[in-house]
Amino acid sequence: MNIQHHISEDTLLAYSAGNLSEAWGLMVATHLALCPSCRARAHEAESIGGALLDALAPAGTSDDSAFAALMQSIDDMPIEVAQPTVRAAPSVLPEPLRSYVGGDLYALRWKRLGMGVYHLPIKTRDGKASARLLKVPAGRPVPLHSHTGEEMTLVLVGSFHTYQGNFQRGDIETADASVEHMPIAAPGEDCICLAVTDSPLRFRSLAARIVQPFIGI
Amino acid sequence: MPAIRPYLRLVTAPGAAPPHNGNRIAFMPERTTDTSAANDLATNDLAKCLSAVAAHQDRRAFRTLFDHFAPRVRAYGMRLGCTPQQAEELAQETMVKVWRKAGLFDPAKAAPSTWIFRIARNQRIDAFRRESHPEFDPNDPGLVPDEEIPADQLIEQRQSGEALRLMLETLPEEQKLLLHMSFYQDMSHSHIADKLNLPLGTVKSRLRLAMGKLKTRLTEPHAISTEEFDT
């Protein structure tokens with residue numbers, strides 16, 4: 001796999017520091033599962049977190065009674081052991097996405113969005129941003145739209161292109177309020193993406209705007 | 001502190017530490033805010049403690065980890081706005097997880113401080129933000145595996161705990177401040193920009209600069225002279 005469009009440095013840093021809300025975190029974690037080089041970068045950012053933790057001035061003391069109390073509470077707890085790596089048949093959706101949607105690609109129950117596009121809202125505890133899977137038929141466009149906030153789209157199956165280039169499995173496209181775009185799925189294969197946004201999309205065509213309140217994107 | 005001596009001896013034995021890391025203690029930067037002797041514990045000592053907990057539920061080793069990390073996780077919680085009570089809970093819960101998950105710690109993959117930072121971070125998000133921190137599963141068949149890591153890079157990763165701590169000290173104040181705000185104030189970059197009255201682009205580019213600097217120095221272990229830190 002040859003990923004061309006990665007996560008920006010500051011998004012990766014925010015993820016590693018624990019500052020991203022859950023839907024954005026799901027986007028980053030799914031990309032990390034597909035992209036060894038970003039995994040290495042995330043590890044570096046987490047190492048900075050570790051170094052900062054190590055450099056903190058300790059708060060309070062750890063006395064014998066606190067330790068004794070802790071030991072008492074963990075006395076009966078089992079210690080987890082590393083599971084041997086079992087490489088079963090590879091799945092299309094990596095973790096943590098697979099658990100979020102309740103199974104691999106072929107187990108999904110898509111909902112019709114209109115214009116041949118399907119989606120599957122993903123349940124998170126994120127109160128601000130929302131995540132969904134999107135399925136766009138091969139060779140067809142997602143209607144021209146702009147954004148009131150930020151949107152990230154990660155390709156899982158097939159590919160699409162925008163004026164910014166071609167996006168394949170693992171690639172992330174980032175769009176914000178300044179971008180009005182019309183992604184077009186490549187011919188040959190339906191394009192399935194993970195999409196996260198913190199605000200409703202704004203469709204340009206009147207017809208799309210009329211149906212938008214009913215389809216909930 | 002007699003309790004920690006057995007673990008200290010393991011790493012101060014001749015030849016135990018890599019050659020260019022041998023005078024580690026001598027070039028530790030001064031930290032006036034920190035008087036704890038436990039702070040001198042090196043990555044290797046702490047890693048050995050974790051392995052001892054995993055191998056035979058070694059309580060003395062766990063006490064060493066507890067003395068080192070519980071007060072720091074407490075400080076981490078306080079910085080992020082926890083009450084003292086919540087910070088105490090965060091420290092306790094984190095240490096419970098350290099005990100239970102010690103067997104999953106792999107010293108070749110992460111420094112103990114990095115591993116425990118992750119646990120504390122996720123615990124805080126779970127307990128106080130009532131969200132999860134989504135993470136990939138390294139054993140997932142759907143994961144695209146790493147390429148083989150050359151042996152010399154593995155050594156480098158082990159050292160990076162101390163090396164990073166030293167390098168952080170050398171960053172310009174403005175970059176250090178932004179890293180601290182990112183990790184300790186649960187703020188998005190746009191919040192940080194508002195608070196400091198800086199354009200968002202400036203915040204992002206300074207963070208990128210800081211990360212870039214840390215990385216170049218990490219990948220070129222000899223670019224940084226140990227004399228720089230001699231006191």
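1. In this predicted model, A:Glu46 has a relative accessible area of 6%, which is under the 20% limit, and therefore counts as buried. The residue belongs to helix H3 of chain A, which covers residues 36-55. Leaving aside residues up to four places away in sequence, A:Glu46 touches A:Ser16 in its own chain, and B:Thr114, B:Phe117, B:Arg118, B:Arg121 and B:Glu135 in chain B.

2. One of these neighbours is also a charge partner. The side chains of A:Glu46 and B:Arg121 form a salt bridge, with an N to O distance of 2.9 Å. Between chain B and chain A the count of salt bridges is eight. Polar contacts across this interface amount to 28 residue pairs, with both residues at pLDDT 80 or more.

3. Several helices of chain B contribute to the side that touches chain A: H3 (59-79), H4 (84-101), H5 (112-129), H6 (151-170), H7 (173-184) and H9 (200-219) each supply at least two residues. H3(B) gives the most, with 14 residues. Sorted by class, this side of chain B holds 32 nonpolar, 17 polar and 27 charged residues.

4. The extent of the interface deserves a separate remark. The accessible area lost when parts come together is often used to give the size of an interface. Here chain B and chain A bury about 7000 Å² between them, and 58% of that area is on carbon and sulfur atoms. On the chain B side, B:Arg100, B:Pro134 and B:Phe183 lose the most area to chain A, together 10% of what that side buries. In terms of contacts, 76 residues of chain B meet 73 residues of chain A.

5. A:Pro94 sits in the loop of chain A between helix H4 (64-74) and helix H5 (97-101). Its relative accessible area is 0%, so A:Pro94 is buried. Not counting residues up to four places away in sequence, A:Pro94 touches A:Thr30, A:Ala33, A:Leu34 and A:Leu156, together with B:Asp140 and B:Gly142 of the other chain. The C-alpha atoms of A:Pro94 and A:Ala29 are separated by 9.4 Å, although the two residues are 65 residues apart along the chain.

6. The buried residues of H2(B) are B:Thr43, B:Asp45, B:Leu46, B:Ala47, B:Cys49, B:Leu50, B:Ala52 and B:Val53. B:Gln57 follows H2(B) and has a positive phi, near 45 degrees.

Key
Residues are numbered from 1 along each chain as its sequence is written. Chains are lettered from A and ligands numbered from 1 in the order in which they are written. This is a predicted model: local features need pLDDT of at least 70, side-chain atom pairs count only at pLDDT 80 or more; totals for chains, interfaces and linings use all residues. Side-chain values use heavy atoms; hydrogens and water are left out. Buried means under 20% relative accessible area, exposed over 50%, partly exposed in between (1.4 Å probe, protein chains only). Helices (H or I, at least four residues) and strands (E, at least two) are DSSP runs, numbered from the N terminus. Contact means heavy atoms within 4.5 Å. Buried area is the accessible area (1.4 Å probe) that two parts lose on being put together, summed over both. A salt bridge is a side-chain nitrogen of Lys or Arg within 4 Å of a carboxyl oxygen of Asp or Glu. A polar contact is a pair of N or O atoms within 3.5 Å; within protein, one must be able to donate a hydrogen and the other to accept it, and residues adjacent in sequence count only if both atoms are side-chain atoms. Ala, Val, Leu, Ile, Met, Phe, Trp, Tyr, Cys and Pro count as nonpolar, Asp, Glu, Lys and Arg as charged, and the others, Gly among them, as polar.
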